[in-house]
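Me: I'd like to learn how to read the features of a structure like this one. Could you walk me through them, one at a time?

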2 protein chains.
Amino acid sequence: MSEKITIYDIAKKLNITAATVSRALNNNPKIKESTRELVIKTAASMNYKQNKLALALKSGRSNNIGVIVPRIDSNFFASVIRGIEEELHPHGYQVIICQTHEDPKRENENLYTLIDAQVDGILMSVTDVANENTGAFHYVLEKNVPLVFFDRSKHIDGVSSVTINDFKGGYITTKHLIDEGCSKIAHFSGDQSLEIFKNRFLGYKQALLDNGMTFNEEYVIRTKSSVESGKEAVNVLLQLKTPPDAIFSSSDFAALGAIQELKDKNISIPKQFCVAGFSNEPFTKFMELSITSVDQSPLEMGKMAARVFLEQVDKTDTIKIEKKVVLAPELHIRKSSSRTTI
Amino acid sequence: MSEKITIYDIAKKLNITAATVSRALNNNPKIKESTRELVIKTAASMNYKQNKLALALKSGRSNNIGVIVPRIDSNFFASVIRGIEEELHPHGYQVIICQTHEDPKRENENLYTLIDAQVDGILMSVTDVANENTGAFHYVLEKNVPLVFFDRSKHIDGVSSVTINDFKGGYITTKHLIDEGCSKIAHFSGDQSLEIFKNRFLGYKQALLDNGMTFNEEYVIRTKSSVESGKEAVNVLLQLKTPPDAIFSSSDFAALGAIQELKDKNISIPKQFCVAGFSNEPFTKFMELSITSVDQSPLEMGKMAARVFLEQVDKTDTIKIEKKVVLAPELHIRKSSSRTTI
DNA sequence: TACTTTCGTGTAATCGATTACATAAAAGGT
DNA sequence: ACCTTTTATGTAATCGATTACACGAAAGTA
């Protein structure tokens, strides 16, 4: 069992003080070169490792940053986290992961826990957008801990965010369906209290209007992000007097459900019916009937969020710069909606 | 900007000492009940939050645990991490994520970094199994930090592990293919220096022998875990004098590649050719031609690894108990190999 | 009353590193 | 030779909380 070696142990061995050791190890210019070399050599030989906790306490910086996501086992969030980790690792930061499981209570709890753990920043995708209770967020801001939202954000003064242009995502996808000759395009919308889903819906609506098509309330179905929900929703649509001939789904899973159900009913895709999803989940491109979907460049989003954090972290004194980064969504056109192209 | 409130601030306000405040907040029985109430009330009114860094320095426990995985953006690892987080969160631990990207250097670096950051334990899936250089691992053990391997493990005295029975996974899958009437079963093997892949291969081989079939070296192709690699591999197989009629792939992605290529060549699945994969990636069940695969219960694996850690963490003085937990793999039979059943 | 417990709190050290300030020694200037 | 500046190092406070030990006051005992 190895004892923990401290700078005091090194100091004692060399008959100098811990202060000198500390300075030598930190390249303080006031140290005689010979002393520095001796200290560094001795430290190495004794297998000295700096105690980060002591450093953290003294400096007030833990070199940890907290990341809060609804859940980690989703391709999107996992990829964002990967991006964050890759960007922050070279700067010496460790990434602490918290999940909310879409529970506002957990969200608040995580915020408080991270602050109490003295993280140097928090990057999060908001769960509780509707809730007016922003107490936990202001607690973070009061402590002057940089806060950056990604993907799902909330309007709070002084908080930066990195999102994709969901409106545009909805718009280009709908436009694409129109270009493929679809004239009755339905929409699977998610939780409308979340900006992302609202914007996808608005983009969809605008594309319809801009192209001389009428917006039909009946064609909008609120779904969950699940295969089952997509199946149910498509059945509702098919029972309408005038059923649609395309679906723009805000979820890849719901899109998949719709496709499975349409196939069961022998409706041919994309000939009779086109489908497009959102998120570019890995499975969309693996399917025999690959699914058209909007890519949110999660890796890039994570890296960008990390960069925004880095920009803010050393400027505690200056005025908070609220930075809003909006990434462009990219439509991946695949078989489920390709009548003209492959 | 809120000042940081410490126990000294509370003490000053109440004209007592910080020691008394600390004792009151920690339910020390030696404190007069009236004092305790007063302190707690005052602390709350002043919005006092304990500084975990100071606590960590004093106690030597950071309440952080480190998790090292090859990458986080894979369904398997993300799910394991979810399991770990869910199990450890109620115990007050925060989870720090590190990725190796399959790079042994990063693995060592991560181990040292985590120890320097004073984590209370490390849960990891090993990247560098072959490497004899176990220096970093012993460094961890010397520091008496509990270490638990999951999925990919290494034989090191005193280190517990949670794995699945890969041999059995290989065995039951191969047996299933035999039961479906396949007589020439090929195998896509991964990196054989990793126990998991070696054991899947051995299970495959044993199942062949136990069922009176001959093991054919030519039928074993070393693939990477990618669609492309699966395509290349199946083409090699099809050019053999006696091509196989089934593949047990140790990777779902390679299995998918094989399926795509077989379809291109108009070989009917499962009638003429059966395919089974490993890992139960989400896409395997979403495909129109769903893919038979072995589930590794990642969530359970994560929880189990966390529990093994919890058992060890408070027993630093007792002899290290080396615990080997082996979870049972579960074969999910789907269309890609179902001639008899659905 | 005098003596022993018990109770509640204060004093001060500790965890390990950093750093403002102090100081002794060496170097430089006239 | 004497004074000033520079250089290298030591002293001690600090970050915030915990805790062994000390001690005065209150309570219990004979």
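**Reading the interface**

Reply: Gladly! Let's begin with polar contacts: across the interface of chain A and chain B, the rule finds 16 residue pairs in polar contact, both residues being at pLDDT 80 or more. Keep in mind that this is a predicted model.

Me: Which elements of chain A supply the side that touches chain B?

Reply: Helix 4 (52–59), helix 5 (75–88), strand 2 (94–99), helix 6 (104–116), helix 7 (135–142), helix 11 (252–264) and helix 12 (282–286) of chain A each give at least two residues to that side. Helix 6 of chain A has the largest share, with seven residues. By residue class, the side of chain A that touches chain B divides into 23 nonpolar, 16 polar and 16 charged residues.

Me: How many salt bridges does the rule find across the interface of chain A and chain B?

Reply: There are six salt bridges across the interface of chain A and chain B. One pair to look up is A:Arg82 with B:Asp73, a salt bridge in which the closest N and O atoms are 3.0 Å apart.

Me: And how do I put a size on an interface?

Reply: The size is often given as the accessible area lost when the parts come together. Here, the area buried between chain A and chain B is about 5000 Å², and carbon and sulfur atoms give 55% of that area. A:Leu53, A:Phe286 and A:Glu288 supply 14% of what chain A buries against chain B, more than any other three residues. Counted as contacts, 55 residues of chain A meet 55 residues of chain B.

Me: Why do the copies meet through the same surface?

Reply: Because 100% of the interface residues of chain A are also interface residues in chain B, the copies meet through the same surface. Superposing chain A on chain B takes a rotation of 180° with 0.1 Å of shift along its axis, and the RMSD is 0.1 Å. The two copies are therefore related as by a two-fold rotation axis.

Me: In what sense do strand 2 of chain A and strand 2 of chain B pair?

Reply: Strand 2 of chain A and strand 2 (residues 94–99) of chain B pair in the antiparallel sense, over three bridges.

Me: What should I look for in the backbone angles?

Reply: Most residues other than glycine have a negative phi, and most peptide bonds are trans. In this model, a cis peptide bond joins A:Ile269 and A:Pro270, with omega about 5°. A:Pro270 lies in the loop between helix 11 and strand 9 (274–278) of chain A. In chain B, a cis peptide bond joins B:Ile269 and B:Pro270, also with omega about 5°.

Me: Where is A:Asn266 placed?

Reply: A:Asn266 sits in the loop between helix 11 and strand 9 of chain A. Its phi is near 55°, a positive value in a residue other than glycine.

Notes
Residues numbered from 1 in each chain as written. Chains lettered and ligands numbered in written order. Predicted model: local features only at pLDDT ≥ 70, side-chain atom pairs only at ≥ 80, totals over all residues. Heavy atoms only, no water. Least-squares fit on C-alpha atoms with pLDDT ≥ 70 in both. Contact = heavy atoms within 4.5 Å. Buried area = accessible area lost by both parts, 1.4 Å probe. Salt bridge = Lys/Arg side-chain N within 4 Å of Asp/Glu carboxyl O. Polar contact = N/O pair within 3.5 Å; in protein donor to acceptor, adjacent residues only side chain to side chain. Helix = DSSP H or I, 4+ residues; strand = E, 2+ residues; numbered from the N terminus. Nonpolar A, V, L, I, M, F, W, Y, C, P; charged D, E, K, R; others polar. Pairing = 2+ DSSP bridges.
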